Amino acid sequence: MSDKGTEFFEKFQDKITKVIKKPKRIYFNVKNEDIWEISDYLSNTMGCRLSVCTATEVYDGLEVLYHFSDDTTGIYYSPRVKTGLKNPEINSITPLIEGANWIEREMYDLFGIKFKGHPDLKKLLTINNPHFSEDDHPMRFNRNRTKEK
Amino acid sequence: MSKCRIPLGPFHPLLEEAEFFDIKVEGEKVVDIEMETGWMHRGHEKISETRSYTQSIFLVERICGICSTSHPFAATHAMEDIDNVEIPERAQYIRIFIGEMERIHSHLLWLGLAGHFIGYDTLWMWTWKYREPVLQIFEKVSGNRNHYAMFRVGGVSRDFDNALIPEIHPVLDMLEKKMLMIAGAAKDDPVLRSRLKGVGVLTKEDAINYCANGPTARASGVDIDVRRDDGLEYNLINFDVIVLPNGDVYDKLVLRVLEIIESVKIARQCLDAFPKIGGDYLNKVKHISPGEGIGRYEAPRGEVFHYIRSDGSNRPLRHKIRAPSFSNIPTYKASCLGIPLADALITLAAVDPCYCCTERSIRVVDKNNKKLEHNLLTMSREKTANIKKAVAGSEKTPIDRIFED
């Protein structure tokens, strides 16, 4: 890990849990309240680029994994935020990083995660599809299926 | 001045793929632009969860018809990242060779389309002519022109035939010569300069804020290239990352021409290495352990990203795919506002949004070794002559009258 990475983990050591370290990939858990501060540090102070975010449904809730790429070293920093299965809500980082706009819309579309503070939260992929109503999120296991007319 | 709304798409002769642009203009100037997607959504991420790992690789190859190798490249990287699988050296060189030849044909395709969009069809015909030999190399190496099916976890699925090396070198020499010619033409040609210089500028700050990647970011002065930053196979090769400062469409064109020349150099290094490096080309992987892996690759359009989570079974639990256009297309918000409508189209096309079709033009020879296309031409002429004769006796149609005038 680079010096910048060590400094980052020292600074946020009480906000970061469950660190999984691989040679070029680092996954760690953060709380929903801290994701703004950590994204701000990663993108503005360390100069990382937000590649994309991955939402996954697991047995005890939904989790969102942010992939910040440090292009000088090739290391991925991946903070993970967990939320419940009912009314999932996570703080949006779009006002901070414009590149997160579409991916947050996609996660809202496919998983129904509401991003608090997103300037224009609407569906991205199934927006024009008559087979998917507004509360039908197709990647969820128990999805609210749209009734055939 | 009053605002006017121009809807473009979702099905429009100018758009190769279905997407909807809602353009607001004041006179000639574009003041606002909105985009709606979703017409091409096929649910690959969900389908991949129902397929085995090997099947997933062939599935993701079908995402894009042009850069079809980049998705399997990134997907195999993600699967190998979970267990840190080692790849034989010969397989690494074969992977690089396939990837770079694909970059050449994809950039040539974009150059042609860019020429077509600005009404400069000579450039379009030139570049697509030079693209054809590259596709024929693919047919010889892999058996397919478009979906090469070369990738497996732990290596490649077929070996490279060393006997093909003398056939490939002249094509690479020709490509380098012609690309230098096009680079020279771009420098001197008044048409290209006046239509592209200073058009659709994406500043460095905007490129960073919108998380742009690939040629879109490099033409705006952001020095990123996954091939160099992530290493892996490309540690074997010497190459330069080309970065240009201005961020306009002209720089994006020049950058792609220079990247083709760079790719030719990389392909030559691979061809030099093939006779020296023998051995196995596939490290057979029987099981992928539980865990998560990230794989990425520098596709012709930018960074392809794959994330795979495994639970130890033979299928991925979650397979996230992000194509480069997903990050690059939203930059239209920064680059298209305030420019004339005629320039907006080439600016939208400058990020090289993915097109899913390729032309196929090969000469068909019949059993007497005569070119069939001439027969077709004669048949077509005969048919037209017959129709003319049949029509001559009857009354004249309105269309005939137009031609008489």
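Start by colouring chain B by confidence: its mean pLDDT is 84, and 89% of its residues reach 70 or more. Here pLDDT is the predictor's confidence in each residue, from 0 to 100. This is a predicted model, in which local features need pLDDT of at least 70, side-chain atom pairs count only at pLDDT 80 or more, and totals for chains, interfaces and linings use all residues. Residues are numbered from 1 along each chain as its sequence is written, while chains are lettered from A and ligands numbered from 1 in the order in which they are written. The model as a whole scores ipTM 0.93 and pTM 0.85.

**Stop 1: a stretch to treat with care**

Select residues 355-364 of chain B, where pLDDT stays under 50. The model has 16 contacts beyond four places in sequence for this stretch. (Two residues are in contact if their C-beta atoms, placed from the backbone, lie within 7 Å.)

**Stop 2: helices in chain B**

Now pick helix 6 (residues 165-188) and helix 11 (residues 249-273) of chain B, which pack at an angle of about 160° with their axes 10 Å apart. That angle makes helix 6 of chain B roughly antiparallel to helix 11 of chain B; angles under 35 degrees count as roughly parallel, over 145 as roughly antiparallel, 65 to 115 as roughly perpendicular and the rest as oblique. Helices (H or I, at least four residues) and strands (E, at least two) are DSSP runs, numbered from the N terminus. Axes are lines fitted to C-alpha atoms, for helices over the stretch in contact, and angles run from 0 to 180 degrees between N-to-C directions.

Show some side chains: B:Leu172 and B:Met179 are among the residues that helix 6 of chain B brings to this contact, and B:Val257 and B:Val264 are among those from helix 11 of chain B.

To see where they touch, select B:Tyr130, B:Pro133 and B:Ile137 of helix 5 of chain B with B:Ile168, B:Val171, B:Leu175 and B:Lys178 of helix 6 of chain B.

**Stop 3: the sheet in chain A**

Move to chain A and find an open sheet of five strands in the order 1-2-5-4-3, with mixed pairing. Two strands pair if DSSP finds at least two bridges between them. At the edges are strand 1 (17-21) and strand 3 of chain A, each pairing on one side only.

Walk through the sheet:

- Strand 2 and strand 5 (residues 75-83) of chain A run parallel, joined by five bridges; A:Tyr27 stands opposite A:Ser78.
- Strand 4 and strand 5 of chain A run antiparallel, with seven bridges; A:Ser69 has A:Tyr76 as its bridge partner.
- Strand 4 and strand 5 of chain A also form a hairpin with four residues between them, and A:Gly74 in the turn has a positive phi of about 80°.
- Strand 3 and strand 4 (residues 61-70) of chain A run antiparallel, with nine bridges; A:Val58 faces A:Gly61.

Helix 3 of chain A packs on the sheet, touching strand 3 and strand 4 of chain A.

**Stop 4: where the chains meet**

How many residues does each chain give to the contact? Chain A gives 24 residues and chain B gives 25. On the chain A side, strand 2 (25-29), strand 3 (49-58) and helix 3 (101-111) each give two or more residues, and strand 3 of chain A has the largest share, six residues.
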